[in-house]
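Q: Before we look at particular residues, could you walk me through how the features of a model like this one are to be read?

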Amino acid sequence: MTVGMLLNASTQLLCPHGGTVTVVTTNTRAKAAGAFILRSSDTFVVAGCPFTVGPVAHPCVSVKWVQPTLQSKEEGVATLSADSVGVCHAADQAVQGTVTVASTQSQVGGR
């Protein structure tokens with residue numbers, strides 16, 4: 001089993017259309033490379049997504065994680081790694097595609 005690098009508060013995430021994902025984490029204890037580790041229960045908000053369906057704007061607005069780490073947890077909640085799968089959703093909950101991990105820390109891994 002491979003070990004993906006854990007995502008932390010300094011990780012850069014993008015929606016499939018280039019929108020920026022901002023994370024609000026409730027983790028105040030565990031860090032990786034100096035920033036709080038992200039968990040599947042955190043809030044992920046997308047801003048600046050340019051996606052349209054025909055002439056109608058249909059941007060990504062949130063991310064839900066469908067595959068967090070399997071064994072790594074922080075306070076009983078699954079953490080996220082570069083191998084985790086997050087799905088971007090529009091305001092009407094339509095699936096828009098998977099989140100892209102543009103960069104993350106390279107010191108601490110999890111499964």
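A: Strands (E, at least two residues) and helices (H or I, at least four residues) are DSSP runs, numbered from the N terminus. Strand 10, for example, covers residues 73–74, and Glu-74 has its place there. This is a predicted model, in which local features need pLDDT of at least 70 and side-chain atom pairs count only at pLDDT 80 or more, while totals for chains, interfaces and linings use all residues. Residues are numbered from 1 along each chain as its sequence is written, and side-chain values use heavy atoms, with hydrogens and water left out.

Q: Is Glu-74 buried or exposed, and which residues does Glu-74 touch, not counting residues up to four places away in sequence?

A: Buried means under 20% relative accessible area, exposed over 50%, and partly exposed in between, with a 1.4 Å probe and protein chains only. Glu-74 has a relative accessible area of 6%, so it is buried. A contact means heavy atoms within 4.5 Å; leaving aside residues up to four places away in sequence, Glu-74 touches Asn-27, Arg-29, Ala-30, Arg-39 and Thr-79.

Q: How should I read the pairing of strand 3 with strand 6?

A: Two strands pair if DSSP finds at least two bridges between them. Strand 3 (residues 20–24) and strand 6 run antiparallel and are joined by five bridges, with Val-45 in strand 6 as the bridge partner of Thr-22. Strand 6 (residues 43–47) has Phe-44 and Val-46 on its covered face, whereas Thr-43, Val-45 and Ala-47 are on the uncovered one.

Q: What makes up the largest nonpolar core?

A: A nonpolar core is a set of buried Ala, Val, Leu, Ile, Met, Phe, Trp, Tyr and Cys residues joined through side-chain atoms within 4.5 Å. The largest one here has 14 residues, and those with the most contacts inside it include Phe-44, Val-46 and Val-63. Strand 6 and strand 9 (60–67) are the elements that give two or more residues to this core, and strand 9 gives the most, with three. Val-63 touches, among others beyond four places away in sequence, Val-21, Phe-44, Val-46 and Val-99.

Q: How many disulfides does the structure hold?

A: A disulfide is a covalent bond between the sulfur atoms of two cysteines, and it is assigned to a pair of cysteine sulfur atoms within 2.5 Å. The structure holds zero disulfides. Cys-15 is in none, its nearest cysteine sulfur, that of Cys-49, being 3.6 Å away.
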